[in-house]
Amino acid sequence: MRVILTVLGYVCCVVGVVLSGSELGSFEDFTVIEKHKEGLLSLVENDRAASPVSSQPLMVPLTLIQGAASKGAVCLDGTLPGYHLHRGYESGADSWLIQLEGGGWCNTIRNCVYRKTTRRGSSKYMEKELPFTGILSNKPEESPDFFNWNRVKIRYCDGASFSGDGGNEAAQLIFRGQRIWLAAMEELMSKGMQKASQALLSGCSAGGLAAIIHCDEFRDLFPKTTKVKCLSDAGLFLDAIDVSGGRTLRNLFEGVVTLQGVQKNLPKSCINNKDPTSCFFPQNLIANVKTPLFLLNAAYDAWQLQASLAPRSADPHGSWDDCKSNHARCNSSQIQFLQDFRNQMLSAVSDFSRSSQNGLFLNSCFAHCQSERQDTWFAADSPLVKNKGIAESVGDWYFDRIQVKAIDCAYPCDNTCHNLVFK
């Protein structure tokens with residue numbers, strides 16, 4: 001059975017950067033995200049069908065942070081940042097789940113200027129309400145451990161994983177990701193989060209990177225008696241060599257860090273030993289995160305395959321097009337390249353995984369952002385590693401029920417994957 005997903009549901013996680021070869025001239029074009037979204041008509045998910053949703057998802061309205069402008073905490077175009085909050089109740093009334101929205105990055109004046117015309121750079125274009133699904137669901141049958149917590153999605157409108165601080169007057173660009181983060185935290189603390197008995201900072205994709213960068217800052221907001229942990233979903237971006245022998249993602253990250261003044265907000269423990277661009281890569285940050293951290297990632301991350309490993313700039317003749325659109329069409333040498341990528345991911349987390357406080361769920365799927373979608377987070381046919389799904393694994397880790405170090409066997413051993421296939 002095959003299930004068709006609308007492009008928007010995936011683009012919110014994958015960031016709309018999956019383009020056809022004819023649309024792509026350079027990696028800079030890759031990051032000009034929204035205008036190409038309509039060209040991607042649908043995504044077909046192979047191998048497993050999504051479980052039917054019993055009812056419509058909860059729709060949660062957008063709240064703008066009214067005091068943010070006085071702090072300089074504004075989106076790329078100067079508009080107010082925002083968030084969506086659904087209040088907790090009963091046993092979850094004093095527990096808080098914060099999710100940082102993903103949505104790629106902008107690394108040049110050109111694509112940051114374009115980003116101002118989208119919901120990723122301006123609250124003028126943000127949806128007035130968003131569905132809360134997966135880990136954000138308010139239904140116990142959809143998110144058994146967190147359904148009655150205070151659940152928040154913080155919107156992403158800076159283009160540097162909530163980490164930049166600078167601007168470009170000539171292009172009328174304001175880079176204030178770090179201030180947006182701080183303003184959002186101040187706002188939520190005033191709304192009751194300062195009394196939290198439990199808190200979890202999460203994020204997907206660029207938001208997953210942000211959750212790693214800000215994890216210890218989040219911990220420091222609370223007294224030591226508060227149980228605080230962090231979850232990064234699809235945020236383990238690797239400083240990997242692409243199919244042409246270049247470093248496409250490093251070049252992108254270097255542009256983001258330089259343009260948006262990210263260096264001053266990166267952890268000193270990394271900056272003292274490595275160059276700023278290296279310190280934007282999670283593999284160089286996770287060992288120094290003091291707060292308990294859970295890494296949820298697909299070993300064959302669909303976004304990294306598309307945008308980092310085999311972008312058009314590294315594959316001008318399109319020899320990877322079939323493989324990128326459907327893993328079943330990869331030839332043996334391409335599979336070997338992807339197995340090497342998985343090995344790099346396992347190497348990147350080897351020291352991190354030795355800590356008893358940290359958790360891992362690395363499945364051998366061609367996927368991206370598995371905590372936000374209901375079918376991958378918690379459903380009858382959700383992905384499994386050692387017969388345990390993602391939601392249960394994250395819950396086991398957060399509540400210290402058992403240690404969780406779930407690492408899947410290599411492709412193609414896992415038949416529970418919800419693999420993304422692009423049409």
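D400 follows α13, and its phi is positive, near 60°. Helices here are DSSP runs of H or I with at least four residues, strands are runs of E with at least two, and both are numbered from the N terminus.

A word on the basis. This is a predicted model, where local features need pLDDT of at least 70, side-chain atom pairs count only at pLDDT 80 or more, and totals for chains, interfaces and linings use all residues. Residues are numbered from 1 along each chain as its sequence is written, and side-chain values use heavy atoms, with hydrogens and water left out.

Back to α13, residues 390-398. Eight of its nine residues are buried, so the helix is mostly covered. Buried means under 20% relative accessible area, exposed means over 50%, and partly exposed lies in between, with a 1.4 Å probe and protein chains only. The buried ones are I390, A391, S393, V394, G395, D396, W397 and Y398. What covers them? The cover includes β10, β11, β12, β13 (359-363), α12 (374-377) and β15 (388-389). Contact, here and later, means heavy atoms within 4.5 Å.

Take β11 from that group, residues 227-233. Six of its seven residues are buried, so this strand is largely enclosed by the rest of the structure. Strand β10 (residues 198-204) runs parallel to β11, with seven bridges joining them. Two strands pair if DSSP finds at least two bridges between them. L201 has C230 in β11 as its bridge partner. β11 also pairs with strand β12 (residues 293-298), again in the parallel sense, over four bridges. There, L231 stands opposite F294 of β12.

Next, helix α9. Is it mostly covered or mostly open? Mostly covered: eight of its eight residues are buried. They are A302, W303, Q304, L305, Q306, A307, S308 and L309.

Look at Q304 in α9. Why does Q304 count as buried? Because its relative accessibility is 0%. Not counting residues up to four places away in sequence, Q304 touches L236, F237, L238, N297, L309, F341 and M345.

The structure holds two cavities of 30 Å³ or more. A cavity is a set of points, on a 1 Å grid over the protein atoms alone, where a 1.4 Å probe fits but cannot get out; lining residues have an atom within 4 Å of a point. Points are joined across faces, edges and corners, and the volume is the space filled by probe spheres set on them. The largest cavity has about 50 Å³. Its lining is A302, L305, Q306, C323, K324, N326, H327, F366, L420 and F422. α9 (302-309), α10 (321-325) and β17 (419-422) each give two or more residues. The largest share, three residues, comes from α9.

One last stop. S353 sits in the loop between α11 (332-348) and β13. S353 and A287 are 66 residues apart in sequence, yet 9.2 Å apart in space, C-alpha to C-alpha. Leaving aside neighbours within four places in sequence, S353 is in contact with L360 and K405.

Note on methods:
1 Å grid on protein atoms, 1.4 Å probe; cavity = no way out; pocket = protein on both sides within 12 Å on 5 of 7 lines; lining within 4 Å.
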